[in-house]
Amino acid sequence: MEAGRSKRLSPEMIETIFALYHKSMLYTAYEYVKDKDRSEDIVQEVFERLAKYKLDIDNPYSVKTRCLMKVMVRNVALTCLDKENRMVTTPFLEENANRDEYVDPERLYLEKSDYQRIMDYIEN
């Protein structure tokens, strides 16, 4: 392959990389997300990216390839965690949507004083 020229990886190259690194990639992903299923999803995403993008990988046995796989797993795991942390879910309850949260102190005082007047009248 010419220097500086990337190409899509062949299926055989991807299979070789999978055979060599998938266990260590799962371990690396698990270190970030602490969940086996999500770790598998992360590794799957990395291999989908390997098939999709043009990469400069000549030798699947090289240290460069091993490091690239580790970096790709780390990046996908961190992206996964970032997306998860940004998703704030609060349940929407219809009964809370119409409720007035603000209580006017004057109104509250008048209601209490009216209540007290009524109770005094009833007792006497």
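This is a predicted model: local features need pLDDT of at least 70, side-chain atom pairs count only at pLDDT 80 or more; totals for chains, interfaces and linings use all residues.
At 1.5 Å a residue, with the expected span taken as 1.5 Å times one less than the number of residues, the 19 residues of α5 should span 27 Å, and because the end C-alpha atoms are 27 Å apart, the two values agree. This helix is hardly covered, for the count of buried residues among its 19 residues is 0, buried meaning under 20% relative accessible area, exposed over 50%, and partly exposed in between, with a 1.4 Å probe and protein chains only.

Residues are numbered from 1 along each chain as its sequence is written, and side-chain values use heavy atoms, with hydrogens and water left out.

Turning to the whole protein chain, there are 5 helices and 2 strands, and they follow the pattern β-α-α-β-α-α-α along the sequence. Of its 124 residues, 20% count as buried.

Next, please look at helix α1, residues 11–33, and helix α2, residues 36–52, whose axes come within 8 Å and cross at roughly 140°; the axes are lines fitted to C-alpha atoms over the stretch in contact, and angles run from 0 to 180 degrees between N-to-C directions. The two helices are therefore oblique to each other, given that angles under 35 degrees count as roughly parallel, over 145 as roughly antiparallel, 65 to 115 as roughly perpendicular and the rest as oblique. Contact means heavy atoms within 4.5 Å, and among the residues that make it are Ile14, Ile17 and Val33 of α1, together with Arg38, Ser39, Ile42 and Leu50 of α2.

Which residues does Val33 touch, not counting those up to four places away in sequence? They are Arg38, Ser39, Ile42, Ala77 and Leu81, and Val33 itself counts as buried at 7% relative accessibility. Its C-alpha atom is separated by 8.5 Å from that of Leu78, 45 residues apart along the chain.

Finally, Met69 lies in helix α3, residues 63–86, and is buried, with a relative accessible area of 1%. Leaving aside neighbours within four places in sequence, Met69 is in contact with Ile17, Tyr21, Met25, Leu50 and Ile57.

How values were computed:
Helices (H or I, at least four residues) and strands (E, at least two) are DSSP runs, numbered from the N terminus.
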